[in-house]
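Could you walk me through this structure, from its sheet to the helices that pack around it? I am new to it and would like a guided tour.

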Amino acid sequence: MGLSAAKAFVDEGAKIVVVGRDQKNIEKVRSELGANVEAISADATNPETAVDAINLCIRKFGTFDGLYHVAGGSGRKMGDGPLHELSLEGWNKTLELNLTSLMLSNQAAIKNFLDLKKAGTILNMGSVLGFSPSWQYFSTHAYATAKSAVIGFSKSIGAYYAKDNIRVNVIAPALVETPMAQRAAGDEKILSFIKTKQPLDGGRISKPSDMDGLAVYFMSDQSNFTTGQVIAVDGGWSISDGQY
């Protein structure tokens with residue numbers, strides 16, 4: 001989703017810094033997006049990562065206008081799952097990956113906006129599982145907790161920093177075709193469920209590009225009077241029953 005959004009931002013004329021853990025993806029960004037992009041390989045859970053990325057942005061492009069935090073992922077392989085099976089390590093690692101990383105990037109962005117005495121925008125990646133659970137196929141309770149907390153965190157800081165003309169919003173997708181979704185995308189029962197749970201456009205898994213239009217809106221001046229909002233881009237997930 002980050003790569004797709006990066007392409008959309010560059011197409012709109014933005015100059016951006018992209019951060020990712022996978023060096024192959026970083027090289028892909030550099031080769032595909034050209035001179036208006038800097039790309040670095042780093043871990044979002046490291047407290048220095050967002051600080052370094054923002055400083056690079058200022059050095060390279062002269063200013064820093066907004067943050068789009070996409071980093072996160074499933075904690076299933078780390079021990080996340082239904083509460084009676086959830087390990088403490090799975091809980092801690094899942095929250096670190098999805099919530100602590102976001103806090104660190106948002107904190108770095110806020111500090112820079114305040115230091116620069118300028119308006120800014122933050123867009124955080126949530127999930128419909130933070131407010132619209134699905135028990136049979138998507139019962140990772142630490143992940144749902146983290147994504148629910150993303151909403152509370154974003155609204156709280158959005159309220160506090162509105163006086164500084166800093167806006168904070170959330171995109172909440174459902175099942176998206178990403179490496180994290182490989183388990184679901186390869187399961188015929190889940191795909192059959194998705195057909196009725198995400199019924200738009202034939203009942204399909206979302207594409208990363210489905211988020212791009214809204215991301216461009218929130219990261220641009222078009223959204224300069226919008227803050228504290230959570231928008232689901234979910235193909236109808238949050239208003240559909242889904243047939244098991």
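The tour below begins with the strands and then turns to the helices.

Please keep in mind throughout that this is a predicted model. As a reminder, the strands of a sheet pair through backbone hydrogen bonds, either parallel or antiparallel.

Strand 3, residues 66-69, pairs with strand 4, residues 120-125, in the parallel sense, and four bridges link them. If you want a landmark here, find Tyr68, which stands opposite Leu123 in strand 4. To get from strand 3 to strand 4, the chain passes through helix 4, and this β-α-β crossover is right-handed.

Strand 5 (residues 166-173) and strand 6 run parallel and are joined by four bridges. A landmark for this pair is Ala172, whose bridge partner in strand 6 is Ala232.

Take helix 4 (residues 88-116) and helix 5 (residues 141-161): their axes come within 9 Å and cross at roughly 15°. Angles under 35 degrees count as roughly parallel, and helix 4 and helix 5 are therefore roughly parallel to each other. Their crossing is right-handed. The helix 4 side of this contact includes Trp91, Leu95, Leu102 and Ile110, while the helix 5 side includes Tyr143, Val150, Phe153 and Tyr161. By class, the residues of this contact divide into 15 nonpolar, five polar and one charged.

Helix 4 has another partner to visit. The axes of helix 3 (residues 47-61) and helix 4 come within 8 Å, crossing at roughly 40°. That angle makes helix 3 oblique to helix 4, and the crossing is right-handed. From helix 3, Pro47, Ala50, Val51, Ile54, Asn55 and Ile58 take part. They meet Leu104, Ser105, Ala108, Ala109, Asn112 and Leu116 in helix 4. Nine residues of this contact are nonpolar and three are polar, with no charged residues.

Helix 1 (residues 2-11) packs with helix 8 (residues 212-219) at an angle of about 55°, and their axes are 9 Å apart. Helix 1 and helix 8 are therefore oblique to each other, with a right-handed crossing. Which residues of helix 1 meet helix 8? They are Ser4, Ala5, Ala8 and Phe9, and they meet Asp212, Ala215, Val216 and Met219 in helix 8. This contact has six nonpolar residues, one polar and one charged.

Methods:
Residues are numbered from 1 along each chain as its sequence is written. This is a predicted model: local features need pLDDT of at least 70, side-chain atom pairs count only at pLDDT 80 or more; totals for chains, interfaces and linings use all residues. Side-chain values use heavy atoms; hydrogens and water are left out. Axes are lines fitted to C-alpha atoms, for helices over the stretch in contact, and angles run from 0 to 180 degrees between N-to-C directions. Helices (H or I, at least four residues) and strands (E, at least two) are DSSP runs, numbered from the N terminus. Angles under 35 degrees count as roughly parallel, over 145 as roughly antiparallel, 65 to 115 as roughly perpendicular and the rest as oblique. A crossing is left-handed if the near helix is turned anticlockwise from the far one by less than a right angle, and right-handed if clockwise. Contact means heavy atoms within 4.5 Å. Ala, Val, Leu, Ile, Met, Phe, Trp, Tyr, Cys and Pro count as nonpolar, Asp, Glu, Lys and Arg as charged, and the others, Gly among them, as polar. Two strands pair if DSSP finds at least two bridges between them. A crossover is right-handed if, with the strands pointing away from the viewer, the path from the first strand over the helix to the second runs clockwise.
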